[in-house]
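Me: Please take a close look at the aromatic rings in this structure. Start with the chain as a whole, then go ring by ring, and finish with a few other local details.

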Amino acid sequence: MKKKILKAIVVILMALIFIALYLINNETSPLSSELLKYDFGSCTGVYKVDANSFFVYLRDSIKFINLHEKWSESLNFSDAIIYHNKNVLGVSDLKTNFIYVYDTNGKLYEIKVPEKLLSFSVNTTGFCSCISKEKNSYKINLYDNSGTKILTYVYSEENIFPINTNISPDGKILAISYIDTNNLNIDSKITFMYTNQNNIFASVQEKNNFIYGLNFLSNNSIILIGDKQIICEKFSPDLKQQWRLNFNDKINMLEIAENFFAVSHSKNSIEFYNMSGKKLGNFESSEQINSISLSNNHALLSTANNIIAANTKGNYLWSQAIFGEYKFAHFISNPNKVLLVSANKIFLLNVNTKE
């Protein structure tokens, strides 16, 4: 009888230990589900596609992860430039003039630009535009999602330089931004072309304003990003300004989600706006904010020692101290689940907000 009682006690103790370990690993421990292990010592970035999918660029390869690794391709660029647009990723080495374009199924195509490559962009359907220079002229080339060149625009004007391009999601409009250095202050010009034609149908002039960013929100609206301004233009059918935000300080971070965006023009604060340019809220941090990740009306803010979650009203949700080297953090399916990338692995962080 005593042996049976002792055996039962041992079984109960083992069960309690198992339950305790389960609770620790799944509720209070940051590491609740490890996904992959790689050497991330030279990781360029992790780029979110959706709640469970990510592009990962390493020192010698590019991978696509959908909870598990879906595909991997060797790629060894000495100085890679990354352009990410939702489910499309472009990778370029400006030294070799190559551009590789990927979607979630793998490589779509590769391009070798004959002239000196200066910049490039990809849209959400795999179109690619790039700026290259040959002697005293610039070429803006546009490729469809099979890598076929469908447009070449040659530009040459003294002291006016093309610096950026972008393509509407349907591939029908090409936007090009220029800087004009003819005056004491830098002026900007943005032109718009239909991709089946080789002529400009609309333009925007910005005096004493350096416009460096172009971001199509839809097929007929685009965000123009300057040093201290964010401008929304819409084709309806003529080009017309919808709204403009002016800031006293330079913009140092801007992240755009489906129905809102976050902007920072100071080291410790984030402001949230809807797509009509209306301010939703702002969040103040006691630490310097180094990066922003957005998802489902929430923001994940990374500092040197913590990750902090807030909503678009600026309300604090939670914070989690992170010890050791980590590089990137993204929301997963809800504001309590985070993908965290450390120096040598990717893992899921299940934040227990009750702790």
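Reply: Start with the contacts. A contact here means heavy atoms within 4.5 Å. Of the contacts in the protein with a separation of 6 or more, 35% are between residues 24 or more positions apart. This is a predicted model, in which local features need pLDDT of at least 70 and side-chain atom pairs count only at pLDDT 80 or more, while totals for chains, interfaces and linings use all residues. Residues are numbered from 1 along each chain as its sequence is written, and side-chain values use heavy atoms, with hydrogens and water left out.

The protein has one helix and 32 strands. Both are DSSP runs numbered from the N terminus: helices are H or I with at least four residues, strands are E with at least two. There are 355 residues, and 48% of them are buried. Buried means under 20% relative accessible area, exposed means over 50%, and partly exposed lies in between (1.4 Å probe, protein chains only). The accessible surface comes to about 17800 Å². Carbon and sulfur atoms hold 50% of that surface. These areas come from the Shrake-Rupley method with a 1.4 Å probe; for residues, only the protein chains shown count as cover.

Now the rings. A pair of aromatic rings is described by the distance of the centres and the angle of the planes. Rings of Phe, Tyr and Trp (its six-membered ring) pair if their centres lie within 6.5 Å; planes under 30 degrees apart count as stacked, over 60 as edge-to-face and the rest as tilted. The structure holds 17 such aromatic pairs. Take W71 and Y102, whose ring centres are 5.6 Å apart with planes at 20°, so this pair is stacked. W71 belongs to strand 5 (residues 68–74) and Y102 to strand 8 (residues 98–103), so the pair ties together parts 31 residues apart in sequence. W71 is buried at 12% relative accessibility. Y102 is buried too, with a relative accessible area of 0%.

A tilted pair comes next: Y155 and Y178 stand 4.8 Å centre to centre, with 50° between the planes. Y155 is in strand 13 and Y178 in strand 15 (residues 173–180), so this pair links parts 23 residues apart in sequence. Y155 counts as buried at 6% relative accessibility. Y178 counts as buried at 1%.

The charged end of K189 sits over the ring of Y178, 4.9 Å from its centre. The criterion is NZ of Lys or CZ of Arg within 6 Å of the ring centre and within 35 degrees of the ring normal. As for W71 and Y102, they form one aromatic cluster with F55 and F64.

Next, the polar side chain of N164. N164 lies in strand 14. It is buried, at 13% relative accessibility. Its side chain reaches the backbone oxygen of Y212 at 2.8 Å. A polar contact is a pair of N or O atoms within 3.5 Å; within protein, one must be able to donate a hydrogen and the other to accept it, and residues adjacent in sequence count only if both atoms are side-chain atoms. Setting aside residues up to four places away in sequence, N164 touches S119, I131, A175, I176, S177, Y212, G213 and L214.

I256 makes another stop. I256 sits in strand 22 (residues 253–256) and is partly exposed at 29% relative accessibility. Beyond residues up to four places away in sequence, I256 touches N215, L217, F261, M275 and L294.

Now the backbone. S236 and P237 are joined by a cis peptide bond with omega about -10°. P237 lies in the loop between strand 20 (229–235) and strand 21 (239–246). K86 is a residue other than glycine with a positive phi, near 60°. K86 is in the loop between strand 6 (80–85) and strand 7 (88–93), and is partly exposed at 44% relative accessibility. N159 also has a positive phi, near 65°. The loop of N159 runs between strand 13 (149–155) and strand 14 (160–167). N159 is partly exposed, at 30% relative accessibility.

Last, the cysteines. A disulfide is a pair of cysteine sulfur atoms within 2.5 Å. The structure holds zero disulfides. For C128, the nearest cysteine sulfur is that of C130, 5.7 Å away. C128 is buried with a relative accessible area of 0%, and C232 is buried with 5%.
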